[in-house]
Amino acid sequence: MITVVGWDGSELSAKAVERLHEARLVVGPDAIVGQLTLTAQTATDEALLQILDDHLEHGEGPAVVIAEGDPGFFGVVRTLRAHGIKPEVLPATSLVTRAFACAGLNWEDALVVAPSGPRQLNRVVNACRAHPKVALLVAPGVGPGEIARELAPTTPRALIVCEDLGGPDERVTHSRMGEATTRPWKDPDVVLVIDPLHQAKEPSWVAGAQPGPAEWALPFESRLPAEVRAYILAKLGPRLGDLVWDVGAGVGEIAVECARMGAAVVAVEREEESCAKLRANVLHYGVKVALTRGQAPPALEPLPDPDAVFVGGGGPDVVMACAARGPRSLVCALRTVEQVAAVLERLREQGYRGEGTQILASRLTLNPDGSHRLTAADPVFVVHATPMHTA
């Protein structure tokens, strides 16, 4: 039998003590195993699965795996079950629970992210941009300094850095973003990334990220018909962890919708009147959108690389500048079929495979005599492109 025992520095339960007493093998981090009085053989957890396979193959009796906190929460239980081992689990308090308790905050509405390393830094940062309360389980290359550096200066957040939780050097620090990038952190376990200005409109009924929007293509006064916007959103595929650019954003109809679906969004718009309406729409729908006022392509240069881009205006040069940043999906709306051919050709030069679609929406309108007629809007040509190397 394999038993997984969670460890949080407090006294072990009677059942956990019993399992350790019965064990012929105890596997876990040296720092934890070294604090226990054990008669069983011990081993570090660096080659956990191989050690357990050898132990089970020789039928040497019960084994215990020691893990930090709740091992069923981003922990070793998933690894064992994926390997075909169905362990008994005796959890302790998770690091996330302890972090929010130390901060005196509720956390049913918090998003918890557990990156495996720096390769996932961008997705973690985008989640922090889009979500007002995030708990980061620190990984190599993804800690308080890296998070603060990537969020600044467009996304101000309060950071609560929890170090050595449950250990002798436990410390909880409320840090400004600038301080977080320069301060030497000793042993951070969890970083809480909080938007201090956020106020929940209603109590959560589901833990973590909220459900998606009830509908797409909101009733904006827009240059793009709702049918076109629904198609654009389907091709952009905005999701939690993504960063979406809305270039030539107008009043923010695409930006707002992407933010409602959980993506981090940067809207780029040059006209002050449109920017004012965009800000009003962002406030009305209660979403987070970073607004950059300026002319593309120059306004795009300081922005972090996007996962998806919508270009609502600016011409082929703007589309090419966006493609040069390597998004997985690029969508643009054009007014003439001649523009479509030119943009598709330029996109091919950038290593993108594209397709053009004409969308013509006809609405039923009521005549004075009570009959109906179809009223067609102006056609819109939509180009959707993806990198050639992904397929």
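**Figure legends: charges, overall make-up and aromatic pairs**

**View 1. Charges and overall make-up of the predicted model.** The mean positions of the 36 positive and 48 negative charges of the protein lie 6 Å apart, where Lys and Arg count as positive, Asp and Glu as negative, and His and the chain ends are not counted. This is a predicted model, in which local features need pLDDT of at least 70 and side-chain atom pairs count only at pLDDT 80 or more, while totals for chains, interfaces and linings use all residues. Residues are numbered from 1 along each chain as its sequence is written, and side-chain values use heavy atoms, with hydrogens and water left out. Of the 391 residues in the protein, 46% are buried (under 20% relative accessible area, with exposed meaning over 50% and partly exposed in between; 1.4 Å probe, protein chains only).

**View 2. The edge-to-face pair of Phe73 and Phe74.** Rings of Phe, Tyr and Trp (its six-membered ring) pair if their centres lie within 6.5 Å, and planes under 30 degrees apart count as stacked, over 60 as edge-to-face and the rest as tilted. By this rule the count comes to three aromatic pairs. The ring centres of Phe73 and Phe74 are 5.1 Å apart and their planes stand at 75°, so this pair is edge-to-face. Phe73 is partly exposed, at a relative accessible area of 29%, and Phe74 is also partly exposed, at 41%.

**View 3. The stacked pair of Phe100 and Trp107.** Phe100 and Trp107 form a stacked aromatic pair, with 5.8 Å from centre to centre and 5° between the planes. Phe100 is buried, with a relative accessible area of 0%, whereas Trp107 counts as partly exposed at 30% relative accessibility.

Notes: Charge placed at Lys NZ, Arg CZ, Asp CG, Glu CD.
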